[in-house]
Amino acid sequence: MKFLHTDNSRTTFLIRMMVGLVFLSEGLQKYLFPAIRGAGRFESIGLPAPELLGYTVGGFEVVCGVFILLGFLTRYAAFPLITIMIVAIGTTKITILADDGFWQMMHAARTDFSMLLGSIFLLIRGGGTWSFDYRLFH
C-alpha cells in the first residue's frame, strides 16, 4: 500500500491543479468537439479506430483529471495520463520535428511536455498534504 501514500508537501496542490484542470478540459473537449479534438483528430493522424479511441482517451482524461484534482488515487491516475502524453508526443510532435525542425517541435510540444512532466511528478510524489490520498492513507 506504499503506492497510496503521499508526500507532506502542500505545494503539490499547485501541480495537481495544473495537471488535473488541463486533462479534464482536454477530455471534455474530445466529447464536445469530436471532429477537431477527438475522433477527427485521431483519424487525421492515422490512428486506428479513431472514434473508439477518441472516446476512450477522453474518458481517461476526464476521470483521471478529476482524480488528480481531488488528490484521490493520484499515482494510479497519473499512470494512464503519462501513457497518453507519450503517445501524443510520439504521434504528433515527431512529425513536426522531422518536417519543421527542433524549435517548431519544441513550441508545439510545450503543453505536452508540461503535462508529461507534471504527471511524472505526481506519480513520484503522490497527491500531497491537501489530498484525499493524504487523509485516507497517511
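Buried means under 20% relative accessible area, exposed over 50%, and partly exposed in between (1.4 Å probe, protein chains only). This is a predicted model, where local features need pLDDT of at least 70, side-chain atom pairs count only at pLDDT 80 or more, and totals for chains, interfaces and linings use all residues. Residues are numbered from 1 along each chain as its sequence is written, and side-chain values use heavy atoms, leaving out hydrogens and water.

**View 1. The salt bridge of D7 and R125.** Their side chains meet at 3.0 Å, N to O; a salt bridge is a side-chain nitrogen of Lys or Arg within 4 Å of a carboxyl oxygen of Asp or Glu. This pair links D7, in the segment before α1, to R125 in helix α7, 118 residues apart. Helices here are DSSP runs (H or I, at least four residues), numbered from the N terminus. R125 has 36% relative accessibility, so R125 counts as partly exposed, while D7 is buried at 11%.

**View 2. The salt bridge of E61 and K30.** Here the N to O distance is 2.9 Å. E61 lies in helix α4 (residues 50–70) and K30 in helix α1, so the pair ties together parts 31 residues apart in sequence. E61 is buried at 4% relative accessibility, and K30 is buried at 8%.

**View 3. L116 and its contacts.** Look for L116 in helix α7. With 14% relative accessibility, L116 counts as buried. Not counting residues up to four places away in sequence, L116 touches I82, M85, I86 and I89, where contact means heavy atoms within 4.5 Å.

Terms used
Helix = DSSP H or I, 4+ residues; strand = E, 2+ residues; numbered from the N terminus.
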